[in-house]
Amino acid sequence: MSAAEGREAMWREGLETPVRWAAAATGVAVNALVSYSPEPDVDLLYGFPVFGLFVMLGVYASDVMVRPSQGWVRVAHVTPRRIRDHVPRALTAALMGQAIVLIGLLIVAAATASTDADGRSRRAVTVTCPAGTQLLSPWPGPYYAWPILGGLAVGTVACAVLLRRITVQARSDDQRRTGARAAIGAWGVLVSAPLFAVSSTMGVVVLSLSCGSGAKDVALWGLALTALASVLTACHCLCVLLLPQAYVKARP
């Protein structure tokens, strides 16, 4: 590599973290400036997937800027490179578990959703108690679930494409691990942030119930622990993306 190419490579690497910060800041700004609905709870449930997609876009853009494609290069390898050899195993397993929980909660919410007090379909839940029937909202039924699932689907495809790009390009093993950790971290925001929104929204509704003390306590504890785990995971994923120097020596 010539001196000029070395300087260009260093200049590109210096852009990686600022581009990620810029994308995250853009996601926050969009959520602050754009009103998805006059209802603040709807804005919360819609805003997290939008923020997560901007975070994923920032990771993808930073990788393309730092390591632009060199075209097709024929290289012989004794062992084929595999994506699973470079991703952080513990974080990936935790996020896959949280994705399953998120989808499970949305399925439960969709199955129990009903029309709210304003006659809008699938935005509330109806519970019959000894004291009477309660109609509680907002409830993350299909009206709220589709944007979350859509953002998760788009982000999952983008993460898979980025991991494939990281694996096949000519990089050192440390560079592949760092890039894969960033890609999984961005996907983690798309999983954990909506999970926090859904679990906390459902928790508020369950807390408002006037009956079902035993089942209510179990549900509240489960939703509270889910919300806590998801917010801690989301914070960890953001640190992986925005403070990569703290994870330089980390291993899967």
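Trainee: Hi! Which residues in H3 are buried?
Mentor: Leu91, Thr92, Leu95, Gln98, Ala99, Leu102, Leu105, Leu106 and Ala109 of H3 are buried, where buried means under 20% relative accessible area with a 1.4 Å probe, protein chains only. This is a predicted model, in which local features need pLDDT of at least 70, side-chain atom pairs count only at pLDDT 80 or more, and totals for chains, interfaces and linings use all residues. Residues are numbered from 1 along each chain as its sequence is written, and side-chain values use heavy atoms, with hydrogens and water left out.

Trainee: And what covers the buried residues of H3?
Mentor: The cover includes strand E1 (113–114) and helices H4 (142–168), H5 (173–207) and H6 (213–242). Helices (H or I, at least four residues) and strands (E, at least two) are DSSP runs, numbered from the N terminus.

Trainee: Switching topic, what's the overall pattern along the sequence?
Mentor: The protein reads α-α-α-β-β-β-α-α-α, with six helices and three strands in total.

Trainee: Which residues does UniProt list as "transmembrane region"?
Mentor: The unreviewed entry lists 44–66, 87–113, 143–163, 184–207 and 219–243; such annotations may be inferred rather than shown by experiment. In the model, residues 44–66 are 100% helix, with end C-alpha atoms 33 Å apart. Residues 143–163 are also 100% helix, with their ends 31 Å apart by C-alpha atoms.

Conventions:
Buried means under 20% relative accessible area, exposed over 50%, partly exposed in between (1.4 Å probe, protein chains only). Contact means heavy atoms within 4.5 Å.
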